Structure formats: C-alpha cells, structure tokens
Amino acid sequence: MTINILDSQKSILNKFISDIRDSEIQKDSLRFRRNIERIGEILAFEISKTLSFENKTITTPLGEKEIALYKNDVVVCSILRAGLPLHNGLLNYFDDAGSAFISAYRKHINKTEFEIVVEYFASPSLEGKTLILADPMLATGQSIVSVYQALLKHGTPKEIHLACVLGAQDGVDFVKENFPKETKLWIATVDKNLNEKGYIVPGLGDAGDLAYGEKL
Ligand code: URA
C-alpha cells in the first residue's frame, strides 16, 4: 500500500486540521462539517494527480485548446454518517463521480469490545471503477475493511483509494495488512494512540456527533 500523509508537508491543510481538533471551534457544527469538506477537496486534488489522463480538444469562444483530462470512471463510497461531509468535499471536485453509501457501526459486546455491523448499502456497479472509499476517522481500521469486503459483491474496482481525515497508527497498519497492495491511502494526519474505547487520542472526539449531533 502507498501511504500518503498529507500534513507531512506544511500547508493550509494544517489550519483545517487544527480547527476540527480544537475543542472550542469544533462546537460550531456548520464550521466542523465545512472543514471536513475542505479536507475532502484537498484529498480529491491529491488523488487526481495519480489518475490516468488523455488529451481532449476543447473549443473556446476564440479557438481550440488541447487539454489533458482524467478518464477514470470514479465512484466515491462513504460510510454513514460521519463520512457525509467528506463525501461532499470529494464530490465537489469529482463532480461526475458515482456515489455509493454504506452503513457501518460499532456494536458493543461490552465496554471495550465491539464488532462492526454493515447494513444499508446503495451503490452503482464497481466493476472496473476507480473506487474512492471515504472514511474520516481511521481508528482501528475495522470499519473500512468490513465495508470493503461487503463492497466486493458489487464488482471488482480497477483501483482503490482510501480517503481519510484523521487516523491512528494502528488503523493505518491494519488497512495496510487488509487491502490489496496497490491500494493508495490518502490521510490528512495520523496520531499515535487509540484509547480503550477505540477513540483516537488526541484525535478530535466523535466526528459523527460533531457533524450531526449526539445520537442515542
Ligand atoms: N470515530 C470517531 O468519530 N472518532 C474516533 O476517535 C474514532 C472513531
């Protein structure tokens, strides 16, 4: 797997990461969602550099211009519900992409152990597609791996990009072991630790709750 950690280079991305982590600023859910979306836009831009391009001739009001445009058939698949603002950010750039949605949640067996339950699924065919699998929080990595296994019933993608905002090193290691080796991981930033409840530390808290409010 190719692992691309975007904050290894200093850029304006750090401002968006700082805002989603900041316990005061993140209380503004509109701003939190928009910052996740902005990070999705940056991830999309970085992913786009690795796609396949072909020259097309475009007619302007004053003449013609040859320009290299990507030719991949892209599908963005997001895990409900925290993935929604990230999905929007990716679609802002890949506006001609197909969309797939899948639900995955942690079903707690006890206070510290859980299993991942995958239920709702709506997707176009993934056969031969460039799949961008979006999951903002790569904590243990179990959700994104379970989702990938469920997705394979809908076709074999030509290539796979994992688009994430914040990860724990354990999650990065887990996806590295469980995805095909050609997979590319794009992640804005990585923290060292997970706590006993599977939350990333220092992380940012619960991304779904911050974006859409607390659930029961
Ligand atoms: N999901 C979250 O929203 N936060 C974490 O820290 C881990 C998983």
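A pocket is, on a 1 Å grid over the protein atoms alone, an open set of points where a 1.4 Å probe fits, with protein on both sides within 12 Å along at least five of seven lines, and its lining residues have an atom within 4 Å of a point. The model is predicted, with local features needing pLDDT of at least 70 and side-chain atom pairs counting only at pLDDT 80 or more, while totals for chains, interfaces and linings use all residues. Residues are numbered from 1 along each chain as its sequence is written.

**View 1. The largest pocket and its lining.** About 750 Å³ of space lies in this pocket, and of the 32 residues that line it, Ala-104, Arg-106, Tyr-199, Asp-206 and Lys-215 lie nearest its centre. Strand 5 supplies the largest share of the lining, 5 residues. The lining divides into 15 nonpolar, 10 polar and 7 charged residues (Ala, Val, Leu, Ile, Met, Phe, Trp, Tyr, Cys and Pro count as nonpolar, Asp, Glu, Lys and Arg as charged, and the others, Gly among them, as polar).

**View 2. The second largest pocket.** This pocket, with a volume of about 150 Å³, is lined by Ile-5, Leu-6, Ser-8, Gln-9, Ser-11, Ile-12, Leu-13, Ile-42 and Glu-46. By class, its lining has 5 nonpolar, 3 polar and 1 charged residues.

**View 3. Packing of helix 4 and helix 5.** Helix 4 (residues 142-151) packs against helix 5 (residues 169-178) at an angle of about 25°, their axes lying 9 Å apart, which makes the two helices roughly parallel (angles under 35 degrees). Gln-142, Ile-144, Val-145 and Tyr-148 of helix 4 meet Phe-174, Val-175 and Asn-178 of helix 5 in the contact (heavy atoms within 4.5 Å).

Key: Side-chain values use heavy atoms; hydrogens and water are left out. Axes are lines fitted to C-alpha atoms, for helices over the stretch in contact, and angles run from 0 to 180 degrees between N-to-C directions. Helices (H or I, at least four residues) and strands (E, at least two) are DSSP runs, numbered from the N terminus. Angles under 35 degrees count as roughly parallel, over 145 as roughly antiparallel, 65 to 115 as roughly perpendicular and the rest as oblique. Grid points are joined across faces, edges and corners, and a volume is the space filled by probe spheres set on the points.
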